Every structure is written in structure tokens, then in C-alpha cells.
Amino acid sequence: MNVSRRKKSIIQAVSILSITTLLFGCSNPNEGADNTTDKDTLTLAWPRDIGEMNPHVYNPSQLFAQSMVYEPLVHYAEGGKLEPFLAKSWDISKDGKTYTFTLRDDVKFSDGSAFDATIVKKNFDAVIKNKALHSWLGFISKIDKTEAVDKQTFRMTLSEAYYPTIQELAVVRPVRFLGEAGFPKNGDTSKGVEEEVGTGPWVLDEYKADQYATFKVNKNYWGPMPKVKKIKVDIIPDAETRVLAFEKGDIDLIYGEGAISVDAFNQLKETKSYKTTMSEPVATRLLIMNTKKKQLADERVRQALQYGFDKKTLVEGITSGLEAPADFILPPNLPYTSKLKVEKRDFDVEKAKTLLDEAGWKLPNGKTIREKDGQPLQVEMMYDAAELFQKAMAETLQSEWANIGVDLKIVGVELPDQVQRFKDNKFDINMYSNFGAPYDPHTFVNIIGTDGFGFKEAISAYPNKTELLQDMKDVLKTTDETKRQAMYAEILPSLQDQGALVPISYLKKMAIYQSDVTNFNFAANRDESPFAQIGIK
Amino acid sequence: MGVYILKRVGSVIPILLLAILLLTAMIHLSPVDPAEAYLAAAHIQPTEEVLTQKRAEFGLDQSFMTQYATTVVRLAQFDFGTSFVSGKPVLGEVLLRLPATLQLALSSLLLAVIVSIPLGFLAGIRKNGFFDQLSRVIAFIGASIPSFWLGYLLIFFFAVQLDLLPVGGIGSPSHVILPAITLALPLIALYTRLLRTSVIETIREPYVLFARTRGIRETVILGKHVLRVAIPPMITGLGMNLGKLLTGTIIVETVFSWPGFGRYFIEAIFDRDMPIIQGYVFLAALLFIGSSLLVDLLQLAIDPRIARKGGDRR
Amino acid sequence: MKPVLSVERLTVETIADDTPLVRDVSFTLLAGQIVGLVGESGCGKTVTSLALLRLLDEKVIRQSGRIQLDETDLMTLSDRTLRRVRGGQIAFIMQNPMSAFTPVYTIGHQLIETIRTHDRGSKREAKDRALEALREVNLEEPDRILKAYPFELSGGMLQRVMIALAVCLRPDVLIADEPTTALDVYNQKLVLYYLEKVRATYGTAILLISHDLSVIAEMADQVLVMRHGEIVERADVFDLFDRPQHPYTQQLLAQQGIQAGGMNA
């Protein structure tokens, strides 16, 4: 019968499908998945796939992973100190344009090949090929010439003096070093590498896209050997699931910005079965006021807003101690940012009210919002809707400023949207956080001074704007340490005191890990991995 | 038969064109373009230089119509472009992750069918009996509980507290269990009630009575005659709700760290990775046609009236 | 002659509110006899016929009385035993042939299924019996009919198939519930012809239910007139049509345009 034959073949098809389904399930035994953590492997969870291990590319490669395999010439350490790393010393010419590095002679890549000036030059040249993409890192677009003077000496000449060069060499990408075997024939690493050969303590071992990646120790490592034999990264995209996996014991550690919700962190902390570590401040969360807007053009109003909220209570209340109240627009542990003198503007409601009155914003009878020339004192604050604390902070500011007669409207937007609006100067107040270590203070200052980022327009009402902008350009060209320090000591407080940039809190990184994990230390460079000497008891 | 299939595939082309049009329009209208999204995610300051380069790379510097036309032409040649984020061909990225999603989807479907048929059947033959009450409870839970919540609950009990199953990931049959249950529950809720209603209606039909007058055993009447007639509406419902399965995988894959295409799609949305998003839409359309075709073929096999007549069912 | 089927004081009530559907119905069926049960739709004819087979939902209705089939009171039998009676000893022919068979199985499948439910035997044997039964009602190409689905056959053919099926198990009683109502005149005649043939060939007693008096007049030996679940008149067919006693009977005859006393042999 025609139908029953068709019926038979359909049933066959369905059975084959079902069996394939089940077989599929058995065909890739993931030994990692139910691996109970043993003493030699550290397992952590990460929300996204680690991406390609290529030192010269950006997303989707994850910073922490890249930093495990590839190393810099210079290391950014605590307090903003720049230490020798793959380069054991360097010399800067008097005009600030020529940098000569003496490389270590005991460094080998993970495949045994030598680390020397030739390969350093090759890496630099690969990066320069894509100048436009890397133009965000100041010194790259200024590179004129690269030279491998001899095996241990590498020289780089810039088109103009740019002091942040050394500091910028410390960042995780793109200026880190790939071994010869990793380069494609045409030397262009932007499309991919042949092999993931780096000088770092770890080598990529296994990799299953979207599932997990394991790193094993680099036998040829020149520095102190890691204490664990393997690091496994489980890719767990959901925050709650990460917590569950941690509670079960599948993973040893959760760390990373936004990796775990504050509630979850505190809950786990309270059980006292785990250990936690907070880092030093890595960046500042600040408010940026658009002085182009009428209400905010008056410095008295800006100051009043600062006096008008209780910073300490806000930060401690909302972040439960995970962030600290900030007195400076850049954390004082960055280069040139300590020992700055700024005006203290602590919580003082009366002072705020007085300032607003002086500025002509008076409270009409029976009304709660101040007015001037018939206009209400209305301001709009935009924040990143997905970010942990921003919404709560915006809401708190809304109620606190309502007390001094300011109507604050808050709007949550997606990060790219926020960046765009900032650039287009379509905002009143923006919640911002700077890059922090190891990018600042020079990147911050650079951005403020450059068109099209939103800052330059935001500070347009500063009376000393022109001078300030010029100073910010000049400080990057200084060759004299002392002069540089003095300039920063003027620029940063001036930016802060005039009230368009208001520091709120210092961001810190947090980590929670099983009690048998030892020696967890955050790196001073916020993008680097904390696995240097990590161990499991 | 071949002509029929071709016709069905052909009918979806105008829909696809429209979908691509809407997608292209959405990029254009969105305040954030993919180039900025990429840079924001990479923590790169969007200087004009970088932006221009990235935009050119992504083809965003062209006019709307040019973009649309280019996309359509590309897709017609089955060139799905390259991901904005990874730079790799979209087809490759999709094929890498698709098997996992299919495995999950099929397992859930299988589970849903295996549970729904007996449950719906038993619920229908004895109204207000135990199975009917059970099906009502399941329907309520399945319709009201959000899948991510159910997922967390299952992980918490079975993976963490009881340590019976893994928290997530893929690999062994035990990895499929919890995600498949989570994905299957809303389906079970729906199909069970569908079958139940169908069974109740079928039992009232004259031929059921006639079978009884012929002395045929009640179990045979119910199991053979009633079930056979009552199932097709459930299968139609199955076909129409395959969309639920597709969208469900997005959440379930994320919660269970299942390396499938649904989860990748969500990441692509946050990254504004347009080629991947377009690829997903295309794929979804294909899956929809494919599954509804399959369902129709199944109907053909089960209910001969469609094959021979193509008309009324009862 | 001992009756094949003897119904005594059959009463059917709803459990919920004791509404009587059939009240105190008694009648007998002799072998080879055709008893007509006539009345308007809804008077309880079908309920009665289903009650005889105990096919009413005993959770909803309450049934009492005696239904004596040969030596046994059907009211005392277990469901298992009753199943053997249904189809095997009492066969049923439904009103609407188009919806009598399960649409997703072939005629042959359902015929063979019925035969094998009652008689052990191979599929082959059952098939042969089915073929033979179909031939008995003069259905052409019985092989093709066995392979066909119910929706592929006409109402008249299906009705004949039902008759064939009903008879092939040689039951003692055949209940025909409005066997001609859904058919055109030509097929009506055919059905009645075959019913008569069954009676003549096998001596099957037939309970012929109809609201159509002309059918009753043509076929029945005895007639029972039912109204609101009660039998208001019972008589020999000739007597009923010549001299209807009960006013309701007279009303019925008048409604269907039949003159009392107009029965000529």
C-alpha cells in the first residue's frame, strides 16, 4: 500500500533522527565537564568564549587570556610603576622621540625559539600595518621607524615626543609578542595566527569553542613557574549559573568585571565558606556635566550639585563596600595622580541651596523645583542600563537632588548608545568611568582634549578652557619628568574643581574563590590575569 | 510531491526578502551602529579613524538601498558574509554551533512527544481523573513558569544539592537531561492539553460507539481507534509551535551553558553583529519551512484522508 | 416458540435527576421475526437499542429490568462477557453509515478486526470470511472495498458493508437503528432487501427502528409505538395500520400521510 510504505519510510526517518540525536550526545565526551577540580588544575568560569589567542587583535579575544600567553616589553606594577619586563632596560632620547630597548637574553618562546630584537620588530611591524585600527593607543600612529639594532637591542623612533609610550607598551593588546612560527606568510596577523606561540607562562592546550579552554604551563618560561599545572576556563554565559557551578564546586574561582552580581557575591561571602579579594582602585566612576547646557553652564550650579548629595552614604549603601567613595577624578594610584590638591566639597545641603539661590535658581512658593526666568531646573542623567550600580546611583541622586530643588530625570541606555550620545553631546549629565590602569592619566587627558569624544564640548564653559586644552596636548609631549608632574598637578585639579567632572567612586575588581585557592592577587593592570602565583592547597 | 515541496520553499522567498529589509532598516535606524558596538565592546575609544575603517569593513558606509541590495544578492548566492566580531565566515560559525542546538531541540521535542502522548491520552479518556488533574497542573506550570527560572531551579536541585547531574555544558547524555526538560515543559503543557481535547472530542464520535457495538475491547478502541484519530491536531500544534522551541533554545542554552546557536545569537545581538543576526533569521526561516513540511508529511502518513482526498478531516 | 430476545420492564433513568428516558418497556423477539420500533425522534428508540447492548454510560444513567437473550439475562453479565455478546450475538447497524467506521483504518482492517475479536482464526481466514460477507450483499470488487477507506465509499455501500459485517458473525439478533434514514430511495430499497435476505437466510431476529412508517409497514411483523420512552401501542403490523388504537399512533399515521385502513397485502 502506497501510504503504508510512505508511513514506514517516515517512521524510519524519525527513528534515525532520534538515534543520531542520542549518539550525538555520546560522541564528544567532555572529560572536562564532570572533572572535579584536582590540585593541579585551577578552574574558572568566564562569560564568553576566550576567542583567538592572537596578541594583535581585539574582540572577541578576551584580555585576560591574551595576557596569559603574550607578554609586554614593560610591566605596569602597583602604584603606576613601570618596570622592566621583556625589556630589561630602556633609554629615551633627549628630544623624546627615540626609544632604545635592551631586551632580556634569557627569554624563549613556548616552542623554544628565541626572543630577540628581530622578532620584536616583526611584531611591531605587524601592528603598524593596521595603524587605523590601533590608533586609539596613542604612540602607534606616531611610530616612524622600527629597527632591530642587534640581537638584544630594539629601537623605535616616533614622529614627535610622546611620553606615555612606555606606559602604553604595558597594555595587554596589541603590542605583545608572537613567536616566528605564529606569523602567517605575509606577516599580517590581523586575520589570524598560525600558532599561538608566546613568551608567557601559559600555553593554550585544549580549545572547544563556546565550551571551555585549557592552558598548560609553558615549559620554556623564563620567569617564575606557575604553581598550578593547568588552568581551565569553563565558558558559562549566565551569571546565576556561574554561581551555581561555583557552589557545586565545579569551578574554583569567579572574578572579572560584572562576572557576578553584588547580591550573589555578598550572599556567598556571608556563608564564610569561601575567600574573597578586592583589588586596589582601578578606575573612577564619575559624573560628567555638559556645560553647554544652560543650567549647567554656571559653575555655581555644578558646585551645588556636588554639595547636594552624600557621597559616602551613596557609595557605601549601593555598593556595599565593593567600591570606595572617590575624591579624585583619577584614582591616586596611577602615575602622576597622587598628591594632587583639589577642593573638598563634602555633603552640605545648605551650601548647595545657597549656591543655587545665588545662581538665580529660586524656589517658588509651594513648589518643589527651582525656577529661573520661568524655567524649571531640570537635568537629565543617562546611565548604562546593564551596569550593576549605575541605575541605583542615578536613582539615589534623583532623590537627593530633589531635596535641593533639582528635577533630575534619569534614563537608562545601552552602552553603545551611551557612548554615541556622549560623542554627539546629546546629554546633560553622563555617568562615566575612565579606563584606569594602565591607560591613564594620559588617555583620559587625551580624550578630553580631542574632538568628537564628548568631553571637549562638555567643558566648553570653563573660562580657562583654551589654556587647559593646550596644556593637555602639551603634557603628552613633555620630556621632563618634573615638568610633567607639575602640569598634571594643575590640569587634573582644574578639571575637577570647576565642577564638570565629579568623582563618585573608585571601581575595584572583586573575586571569590574556594577556600583551598591560595595566592590570588589582582594585577595592577586591570586587564591582566591574576594567575601569576595562584595555587591550590 | 517534489513540486509541492518546491512550491512551499518558493513561497517563503518573499517573506525572507521582507525580513532582510526589516533587518537592514533596523541597523540603519538604530542609534548605535555595529562599528561603534564593536569598539565599545573591545574597550577601544572610537576615534574617527577607527570608526571609518570599521564602518567601511562592515559595509555600513553605503546607502540603505545599496546595503539591502548587496545583502540580498549575497544571500541568494548562499554567501552569508563574515561576522563583524570574529571576522570568520558566518556559515562556518553557524554550522559550528547548529548541531548542538539541533541536538537540544530534538531531544526536547522527543521528550515532549513521549510525555505528552500518554499523558494527554490518559487525561482525555478519563475526564477529571488523576491524569487529567495532573495534565492541568503541568499545563499551568508550563505556561506560567519562565524557562530561565525553571532552569535555575532544576540546576539547583539536581546539580548542586543532589549532585546527580552537571550544572551545564555538553558532552554526555546526562548533560542533555535538564536543558531538555526545561525546554520541553512548555511544549508538554501545550501538547498534552491539545491531545486531551482532541481525545475527548474523538470519543464522542459515532464510530467509537459502533466499535463498541461490534464487541471490540475498550483498550483497543481507545488505544487504536481514538488515539489514531486524535493525534493529528496535536501534530499540527507541534508544527505550529516549533517557533517556541527555537526561541526557547536561546534562553535554555544560555542558562545551561549549552554551546548552541541560540546563545551565540544573543551575543550577536548585543554585539550588533549584523551578518550573524541575518544568518539566524535566514536559518530560522529555513527551519520553519522544513519543520512545517515535515509535519505535513507526518500528517500524510497518519491520516490517509489527506493523501487521498486532501480535504475534510472529519 | 421461545423468544430469542425477551425484554421485561426495561427502564432507563438519569442518575442526576431521575428523569426517565425509557419507562417500563417490554417486548419479545422471535427467531426470524422483524419487530418494528417506531416513534418520533427523541422518543427513546436509540436509548432502548443501546440499553439492550448495555452501551449506555452507567455513571450517568441507571438501567433496570430484564434483558433475556436465550438463557441469559444480559443485565447480570460482566463487561467481558457482554463484549462477546455485542457483535457476536446481537449485532448493530447504525443510522449514519458515513460516520460509522473509523476514518483512518481501511474497511478491511475494521472488518477483520471485528471477526477476529469474536472468532479465533488467522487473518487469512478472517479475510476470506469478510470477502464472502461482502459478496453476500452483492458488493462488487470486494477486494477493492477491503482496501478502501471509509471516506472512499458511498453511503449506500457503507450501509451494505455494515449489514455484511453484522451478519458474518451469524448473530441471533440484529438491531437496525434507522438504517434507511440517511440514504436515497434507491439505496433504501437495497438495504431493506438485504435485511430481508438476512432474515430469510439465517433466521436472524431483527429489531428495526425507524421513524419512517412506510419502512415499518414494508418490513415489520410486529410494531411497537414508542412515545416519551413508553410503548403506547403494540400490534401486528396489519392491525396497526388498519386499526390504529392509540391516538398517538393515529396522529403519526396522519402526519406521514398514511390513511388508516389502507394496508393491502
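Modeller: Here it is. Keep in mind that this is a predicted model. To begin with, chain A and chain C do not touch, and their nearest C-alpha atoms are 9 Å apart.

Biologist: Which chains have the most contacts, then?

Modeller: Two pairs of chains touch, and chains A and B have the most contacts. That contact takes 51 residues from chain A and 59 residues from chain B.

Biologist: How much area do chain A and chain B bury between them?

Modeller: About 4,900 Å², with 62% of it on carbon and sulfur atoms. On the chain A side, Asn59(A), Asp210(A) and Lys248(A) lose the most area to chain B, and together they account for 12% of what that side buries.

Biologist: How many salt bridges cross the interface of chain A and chain B?

Modeller: The rule finds five salt bridges there. In one of them, Arg48(A) pairs with Asp271(B), and the closest N and O atoms are 2.9 Å apart. There are also nine residue pairs in polar contact across the interface of chain A and chain B, with both residues at pLDDT 80 or more.

Biologist: Which elements of chain A give two or more residues to the side that touches chain B?

Modeller: They are helix H1 (2-27), helix H5 (239-248) and helix H12 (415-423) of chain A. H1(A) has the largest share, ten residues. By type, the side of chain A that touches chain B divides into 26 nonpolar, eleven polar and 14 charged residues.

Biologist: You mentioned Lys248(A). What does its side chain meet in a salt bridge?

Modeller: The side chain of Asp163(B), at 3.2 Å from N to O. The pair crosses between chains: Lys248(A) is in helix H5 of chain A, while Asp163(B) is in the loop between helix H8 (147-161) and helix H9 (173-203) of chain B.

Biologist: Is Asp163(B) buried or exposed?

Modeller: Asp163(B) counts as exposed because its relative accessibility is 52%, and the cut-off for exposed is over 50%.

Biologist: Now the other pair. How many residues of chain B are in contact with chain C?

Modeller: 21 residues of chain B, which meet 27 residues of chain C. Chain B and chain C bury about 2,400 Å² between them, 65% of it on carbon and sulfur atoms.

Biologist: And how many salt bridges are there between chain B and chain C?

Modeller: Two. One of them joins Glu113(C) and Arg214(B), with the closest N and O atoms 3.8 Å apart. For polar contacts, the rule finds eleven residue pairs across the interface of chain B and chain C, both residues being at pLDDT 80 or more.

Biologist: Which helices of chain B each supply at least two residues to the side that touches chain C?

Modeller: Helix H10 (206-213), helix H11 (218-240) and helix H15 (304-308). H10(B) gives the most, with six residues. The side of chain B that touches chain C has nine nonpolar, three polar and nine charged residues.

Biologist: Switching topic: what does UniProt say about residues 98-299 of chain B?

Modeller: The unreviewed entry annotates them as "domain: ABC transmembrane type-1". In the model, residues 98-299 of chain B are 85% helix and 0% strand, and the end C-alpha atoms are 27 Å apart.

Biologist: Where does UniProt place the feature "transmembrane region" in chain B?

Modeller: The unreviewed entry puts it at residues 12-29, 104-125, 137-162, 174-194 and 280-302. Residues 137-162 of chain B are 88% helix and 0% strand, with the end C-alpha atoms 25 Å apart. Residues 174-194 of chain B are 100% helix, and there the end C-alpha atoms are 30 Å apart.

Biologist: Back to salt bridges. How many does the structure hold over all chains?

Modeller: 48. Some sit within a chain: Glu196(C) and Arg199(C), for example, meet at 2.7 Å, N to O.

Biologist: Why are Glu196(C) and Arg199(C) separated by about one helical turn?

Modeller: Because they are three residues apart in helix H7 (residues 185-202) of chain C. Glu196(C) is partly exposed at 29% relative accessibility, and Arg199(C) is partly exposed at 23%.

Biologist: Which residues of chain B are linked in a network of salt bridges?

Modeller: Asp132(B), Arg136(B), Arg193(B) and Arg196(B).

Key:
Residues are numbered from 1 along each chain as its sequence is written. Chains are lettered from A and ligands numbered from 1 in the order in which they are written. This is a predicted model: local features need pLDDT of at least 70, side-chain atom pairs count only at pLDDT 80 or more; totals for chains, interfaces and linings use all residues. Side-chain values use heavy atoms; hydrogens and water are left out. Contact means heavy atoms within 4.5 Å. Buried area is the accessible area (1.4 Å probe) that two parts lose on being put together, summed over both. A salt bridge is a side-chain nitrogen of Lys or Arg within 4 Å of a carboxyl oxygen of Asp or Glu. A polar contact is a pair of N or O atoms within 3.5 Å; within protein, one must be able to donate a hydrogen and the other to accept it, and residues adjacent in sequence count only if both atoms are side-chain atoms. Helices (H or I, at least four residues) and strands (E, at least two) are DSSP runs, numbered from the N terminus. Ala, Val, Leu, Ile, Met, Phe, Trp, Tyr, Cys and Pro count as nonpolar, Asp, Glu, Lys and Arg as charged, and the others, Gly among them, as polar. UniProt positions are given in the numbering used here, feature names are shortened, and annotations may be inferred rather than shown by experiment. Buried means under 20% relative accessible area, exposed over 50%, partly exposed in between (1.4 Å probe, protein chains only).
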